[in-house]
Amino acid sequence: MKELNIYERLTQVRAMVGSVSKSAKNPFFKSSYADLNSVMKTLAPALVEANIIYTQYPNIVDGADVLTTELVNTTNPEDRIVSHTRLVLAKNDMQAYGSAITYSRRYALISMWYLWLCKERGVHSSMWFLWSVVWSLKN
């Protein structure tokens, strides 16, 4: 049986996970959003099944503060995807730095996995599955 590479495993996860619930509330803007814990909880079962782990950490790349996200194939740890998201700070203090890291972690995961954000979990799952099937047939 052929061993799957990180991109094939990434595709597996994308097919298993289509949406994340906007379960957190922002009273200032009177809106709901998918917080980091919801995103991580949504991804966890699919990542285990696809044998992928990820790590995220602050880093400096070419003199810029970034959040580095690494997706690693657990059966072949050299097989990985590395992404850097620039950290944008509103102020130059630790509160702003911590906030930028948290926002970047959430946004990096949502964009890497093409997660739909919806008020009710599962609303867009069937649309995502259909889109992923069509995409895989085209490529």
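What does the accessible surface of the chain come to, and what share of this surface belongs to carbon and sulfur atoms?

Analyst: In this predicted model, the accessible surface of the chain is about 8900 Å², and carbon and sulfur atoms hold 58% of that area. Of the 139 residues in the chain, 36% are buried. The chain contains four helices and seven strands, arranged from the N terminus as α-β-β-β-α-β-β-β-α-β-α.

Turning to the helix packing, two packed helices are described by the angle between their axes and the distance between the axes. For helix H2 (residues 36–50) and helix H3 (residues 94–112), the axes come within 9 Å and cross at roughly 35°, and the crossing is left-handed. On the H2 side the contact is made by Leu36, Val39, Met40 and Leu43, and on the H3 side by Thr102, Arg105, Arg106, Leu109 and Ile110. By class, six of the residues in this contact are nonpolar, one is polar and two are charged.

Two residues of H2 in this contact, Val39 and Leu43, also belong to the largest nonpolar core, which has 19 residues. Val39 and Leu43 are among those with the most contacts inside that core, as are Val13, Ile52, Leu71, Trp113 and Leu115. Helix H1 (6–16), H2 and H3 each supply at least two residues of the core, and H2 gives the most, with six.

Leaving aside residues up to four places away in sequence, Trp113 touches Leu10, Val13, Arg14, Leu43, Leu47, Ile52 and Leu71. A second, separate core has five residues, including Leu67, Ala100, Ile101 and Ala108.

Technical notes: Residues numbered from 1 in each chain as written. Predicted model: local features only at pLDDT ≥ 70, side-chain atom pairs only at ≥ 80, totals over all residues. Heavy atoms only, no water. Axes fitted to C-alpha atoms, helices over the stretch in contact; angles between N-to-C directions. Left-handed = near helix turned anticlockwise from the far one by under 90°. Contact = heavy atoms within 4.5 Å. Nonpolar A, V, L, I, M, F, W, Y, C, P; charged D, E, K, R; others polar. Buried < 20%, exposed > 50% of the residue type's maximum accessible area, 1.4 Å probe, protein only. Areas by Shrake-Rupley, 256 points an atom, 1.4 Å probe, with all protein chains shown as cover. Core = buried A, V, L, I, M, F, W, Y, C linked by side-chain atoms within 4.5 Å.
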